[in-house]
Amino acid sequence: MQERCEAHLQEPDLPLAKQKVLSSLHNHWDGLTVFVERPEVAMDNNAAERILRNPVVGRKNYYGSGSVWSAYLAAMMFSVLQTIVLWGLNPHHWLSAFLQACADHGGQSPADLSAFVPWQMSAERRQELSRPLPVSLPAFESPAQEREESEPAHTS
């Protein structure tokens, strides 16, 4: 195929559009065929395109904010949360832990972010943040239960 490309490029009456395409193919041949000799390299980038699909499809829904800063914030959050997902962490658990750490530091990011950066955190921390967020529900008691608990218990 490479030989045919080079042969066509030598034709004197080659149309300009075809020449541009064949020149690009010739210039990028090594990169376009790297998967032949290196099987660990994927033939396509469908996985990357699927990852980008959600923000692209959702962008019309985000027009309602009407501000540039919110678009930048959304782009940053997409990037951060997708990184979290790629590392196998639970985004809800990670975000909850990060926001709690910010609250514990007076509304500022913690000085040491290594506990939240996947490639810097310990394996135990990654394991912890990969699980679903533990849910603690408040205990709802009826007024009758409250009265019973307020009386001293018989221990005899």
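Author: W94, F98 and F116 are linked into a cluster by ring pairs. A pair here means that ring centres of Phe, Tyr or Trp (its six-membered ring) lie within 6.5 Å, with planes under 30 degrees apart called stacked, over 60 edge-to-face and the rest tilted. This is a predicted model, in which local features need pLDDT of at least 70 and side-chain atom pairs count only at pLDDT 80 or more, while totals for chains, interfaces and linings use all residues. Residues are numbered from 1 along each chain as its sequence is written, and side-chain values use heavy atoms, with hydrogens and water left out.

The structure holds four aromatic pairs. In one of them, the ring centres of W94 and F98 are 5.6 Å apart and the planes are at 0°, so this pair is stacked. W94 and F98 are about one helical turn apart because four residues separate them in helix 7 (residues 91-104). Helices are DSSP runs of H or I with at least four residues, numbered from the N terminus.

F98 also pairs with F116, edge-to-face, at 5.3 Å centre to centre and 85° between the planes. This pair links distant parts of the chain, since F98 is in helix 7 and F116 is in the loop between helix 7 and helix 8 (123-130), 18 residues apart. Both F98 and F116 are buried, as is W94; buried means under 20% relative accessible area with a 1.4 Å probe, counting protein chains only.

Leaving aside residues up to four places away in sequence, F98 touches S109, P110, L113 and F116, where contact means heavy atoms within 4.5 Å. R125 lies over the face of F116, 5.1 Å from the ring centre. For an Arg, this requires CZ within 6 Å of the ring centre and within 35 degrees of the ring normal; for a Lys, NZ is used.

W94, F98 and F116 are among the 10 residues of the largest nonpolar core. Such a core is a set of buried Ala, Val, Leu, Ile, Met, Phe, Trp, Tyr and Cys residues joined through side-chain atoms within 4.5 Å. Helix 7 supplies the largest share of this core, five residues.

Helix 7 also packs with helix 8, at an angle of about 115° and with the axes 7 Å apart. Helix 7 is therefore roughly perpendicular to helix 8, a word used for angles of 65 to 115 degrees. Across this packing, H93, W94 and A97 in helix 7 meet R125, E128 and L129 in helix 8.

Notes: Helices (H or I, at least four residues) and strands (E, at least two) are DSSP runs, numbered from the N terminus. Buried means under 20% relative accessible area, exposed over 50%, partly exposed in between (1.4 Å probe, protein chains only). Axes are lines fitted to C-alpha atoms, for helices over the stretch in contact, and angles run from 0 to 180 degrees between N-to-C directions. Angles under 35 degrees count as roughly parallel, over 145 as roughly antiparallel, 65 to 115 as roughly perpendicular and the rest as oblique.
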